[in-house]
Amino acid sequence: MLTVYSDDHRLHFGQSELVDGKLQPCFEMPSRADTVLARVRQQEIGEVIEPKDFGLEPILQVHDAAYVEFLKGAWDRWAADGHSCDMLPSTFPARRLRRDGPIPTALHGQLGHYCFDTEAPITAGTWQAVYSSAQVALTAQDHIRQGANTAFALCRPPGHHAGSDFMGGYCFFNNAAIVTQAFLDQGAKRVAILDVDYHHGNGTQELFYERSDVLFASIHGDPLVEYPYYLGHADERGEGEGTGFNHNYPLPHGTGWDGWSAALDDACRKIAAYAPDALVISLGVDTYKDDPISKFKLDSPDYIRMGQRIAALGLPTLFIMEGGYAVEAIGVNAVNVLQGYEGAA
Ligand SMILES: NCCCNCCCCCC(O)(O)C(F)(F)F
Ligand SMILES: [Zn+2]
């Protein structure tokens, strides 16, 4: 299995994550990608290549142009104002404020407009890192377009919380959505996205919610008790054209393989019935029992089973790296999915 990876991820390392009222370096740190890459190499799962540059066009098929423009110029404006620390929002358009009113000209006003939480710090290298992360995903997708059955996009920063015009939850560009749209723009009739990250892929859901050419299925911590809190319930089944093409599996804290895999089996049945031309996996491994910010109980062998179950669908499959914060185990767990998929485990 081909892996696509870029060292540019290192340009993004937030020092300001607000955890229980105190700022600390972000859990979403460079060593995450380094550990996965080391495991990919040690297990010799396949070639590792740098991304090609597909430009901004595929990103603009998913993300709002003004949002992209803001992201591209944000740090320079922040630095010009004399700042050198991470750029974080502090004011957001909550209910009954004008969310679709005039976008403020003030930098802080724009920042709050384009964020849904304080968990996507913009740093000096963030733009380059997120641009390259999207190119990593697009290069892996291109490998499948050219006939491969599968590929692994070792993306960092992740993407599934990013919507058309907002960042949040360590995410800026929605890599899974960008490659899904690329499949469709290249002629695919239907694409399924299976999000196995511990957190609901609110951005991915939002992007395709009213469409029937993308089926979205997500297995995640129940939003009643888990981030992102405000989307991801089972009653969210899509809207208009998209009704019936969105499937959420919210699960309680403490869920282990038995409960988790029952949801996986149901999601796979729905994906098989949908008969997509391609399958995109938002591969987060923060479902792991020792993950510092998550509360499921999967263990490393479970990720092999996860890969085997996904392989049984017999679809061209593109793995997109999302979350996972137990850095010592992230390599084994992520690559276990890939090896389980390939039957090598
Ligand atoms: N007390 C709740 C703190 C929540 N902090 C933010 C969690 C973000 C999770 C990001 C992720 O793992 O879903 C991604 F895949 F996008 F990286
Ligand atoms: Zn997550």
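Contact here means heavy atoms within 4.5 Å. Helices (H or I, at least four residues) and strands (E, at least two) are DSSP runs, numbered from the N terminus. The model is predicted: local features need pLDDT of at least 70, side-chain atom pairs count only at pLDDT 80 or more, and totals for chains, interfaces and linings use all residues. Residues are numbered from 1 along each chain as its sequence is written, and side-chain values use heavy atoms, with hydrogens and water left out.

**View 1. Helix α9 packs on helix α10.** In α9, Ser300, Pro301, Tyr303, Ile304, Met306, Gly307, Gln308, Ile310 and Ala311 take part. Their partners in α10 are Val332, Asn333, Asn336, Val337, Gly340 and Tyr341. The contact has 9 nonpolar, 6 polar and no charged residues. For these classes, Ala, Val, Leu, Ile, Met, Phe, Trp, Tyr, Cys and Pro count as nonpolar, Asp, Glu, Lys and Arg as charged, and the others, Gly among them, as polar. Helix α9 spans residues 300-311 and α10 spans 327-342. Their axes lie 6 Å apart, at an angle of about 35 degrees. Axes are lines fitted to C-alpha atoms, for helices over the stretch in contact, and angles run from 0 to 180 degrees between N-to-C directions. The crossing is right-handed. That term applies if the near helix is turned clockwise from the far one by less than a right angle; anticlockwise gives left-handed.

**View 2. Helix α5 meets helix α6.** Residues 126-145 form α5, and residues 175-185 form α6. The angle is about 35 degrees, with the axes 9 Å apart. The crossing of α5 and α6 is right-handed. From α5 come Ser133, Ala134, Ala137, Leu138, Gln141 and Ile144. From α6 come Asn175, Ile178, Val179, Ala182 and Phe183. By class, the contact of α5 with α6 holds 8 nonpolar, 3 polar and no charged residues.

**View 3. Helix α6 is largely enclosed by the rest of the structure.** That is because 10 of its 11 residues are buried. Buried means under 20% relative accessible area, exposed over 50%, and partly exposed in between (1.4 Å probe, protein chains only). The buried residues include Ala176, Ala177, Thr180, Gln181 and Leu184. Glycine 187 follows α6 and has a positive phi, near 115 degrees.

View 4. Proline 157 sits in the loop between β5 (150-153) and α6. Its relative accessibility is 1%, so proline 157 counts as buried. Leaving aside neighbours within four places in sequence, proline 157 is in contact with His12, Glu28, Ala129, Val130, Ser133, Tyr170, Phe172 and Asn175. One of these, tyrosine 170, is found in the loop between β5 and α6. Tyrosine 170 has a positive phi near 75 degrees, in a residue other than glycine. At 9% relative accessibility, tyrosine 170 is buried.

**View 5. The largest pocket has a volume of about 1,500 Å³.** Its lining has 48 residues, with Phe116, Asp117, Tyr227, Pro228 and Tyr230 nearest the centre. On a 1 Å grid over the protein atoms alone, a pocket is an open set of points where a 1.4 Å probe fits, with protein on both sides within 12 Å along at least five of seven lines; lining residues have an atom within 4 Å of a point. Grid points are joined across faces, edges and corners, and a volume is the space filled by probe spheres set on the points. The lining divides into 22 nonpolar, 10 polar and 16 charged residues. Strand β2 (17-19) and helix α7 (202-208) each supply at least two lining residues. A cis peptide bond joins tyrosine 227 and proline 228, with omega about 10 degrees. Proline 228 lies in the loop between β7 (214-221) and β8 (246-251).

**View 6. Leucine 18 is in strand β2.** Leucine 18 is partly exposed, at 43% relative accessible area. Not counting residues up to four places away in sequence, leucine 18 touches Leu23 and Thr118. Leucine 18 and glutamate 119 are 101 residues apart in sequence, yet 7.5 Å apart from C-alpha to C-alpha.

**View 7. The second largest pocket holds about 160 Å³ of space.** Its lining has 13 residues, and Phe92, Pro93, Arg98, Pro104 and Gly109 lie nearest the centre. By class, the lining of the second largest pocket has 6 nonpolar, 5 polar and 2 charged residues.

How values were computed:
Chains are lettered from A and ligands numbered from 1 in the order in which they are written.
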